[in-house]
Amino acid sequence: LTVAPKSTGPTLVASALGGHNVVSFDGSKNSLSVFSMQQQPSGNAPFSAFMVVNYLSNGWGGLHVGNKISCNQLWGLTVSSNGKLYIDTYCAQQSRNAGTNAGWLIHEVTYDGNIVNHYANGSLIQQLTGVAFQTQPFGKLFLGSEFDAATYVKMDVAMVLMYGRLLSEQE
């Protein structure tokens, strides 16, 4: 998997989180992208994703995966324009939980083919039912910006994990 800067690249900050490196996005045309992600879950296939993140500004950005800007054609672990944690599907409501300036958190999503569960630090904060994703193989991935790179978010990211299956609670 080759990840390339969308315009200007983010900065690697050594030992920023308990001795671990993080990638810092400055919120100004700073993102990473993949334009043909071959292992993306497609159709209504279950998936799980986790991001260790510190959102430092508001904006409709974070992690986006999918095909195009249309209801249920993509998903994202993001922060909204008013700083709330958000599962971006282009047709969902934001959570009531603060994301911007909340400090480091584990932002998570699981999808079983019908239900999207949205978590912060392991606690369920939102559930969307009746979701029918229509993503296709060879989709795109954006980190640090909105899916179309129209807006950017200042944030630090320590880890992003994506699985093409629903993880169990033990995992």
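Asn 101 counts as exposed, since its relative accessibility is 60% (exposed means over 50% relative accessible area, buried under 20%, and partly exposed in between, with a 1.4 Å probe and protein chains only). This residue lies in the loop between strand S8 (85–88) and S9, and its phi is near 60°, a positive value in a residue other than glycine. Asn 121 is placed in the loop between S10 and S11.

The model described here is predicted, so local features need pLDDT of at least 70 and side-chain atom pairs count only at pLDDT 80 or more, while totals for chains, interfaces and linings use all residues. Residues are numbered from 1 along each chain as its sequence is written, and side-chain values use heavy atoms, with hydrogens and water left out.

Turning to the chain as a whole, 13 strands and zero helices are found. Both kinds of element are DSSP runs numbered from the N terminus, with helices (H or I) needing at least four residues and strands (E) at least two. Of the 171 residues in the chain, 44% are buried. Among contacts with a separation of 6 or more, 62% link residues 24 or more positions apart, where contact means heavy atoms within 4.5 Å. The chain exposes about 8100 Å², and carbon and sulfur atoms supply 50% of that area; accessible areas come from the Shrake-Rupley method with a 1.4 Å probe, and for residues only the protein chains shown count as cover.

Seven strands make up an open sheet, in the order S2-S3-S13-S5-S9-S10-S11, with antiparallel pairing. At its edges are strand S2 (11–17) and strand S11 (123–128), each of which pairs on one side only. On average, neighbouring strands of this sheet are turned by 30° against each other, direction ignored (axes are lines fitted to C-alpha atoms, for helices over the stretch in contact, and angles run from 0 to 180 degrees between N-to-C directions). As a reminder, strands of a sheet pair through backbone hydrogen bonds, either parallel or antiparallel. Pairing is assigned to two strands if DSSP finds at least two bridges between them. Strand S9 (residues 105–111) and strand S10 (residues 116–120) run antiparallel and are joined by five bridges. In this pair, His 107 stands opposite Ala 120 in S10.

Strand S5 (residues 47–55) holds Asn 54. With a relative accessible area of 11%, Asn 54 is buried. Apart from neighbours within four places in sequence, Asn 54 is in contact with Gly 103, Trp 104, Lys 154, Met 155 and Asp 156.

Strand S13 contains Leu 161, which counts as partly exposed because its relative accessibility is 32%.

Finally, Ser 168 is located in the segment after strand S13 (154–163). Its relative accessibility of 33% makes Ser 168 partly exposed. Although Ser 168 and Ser 48 are 120 residues apart along the chain, their C-alpha atoms are separated by 9.7 Å.
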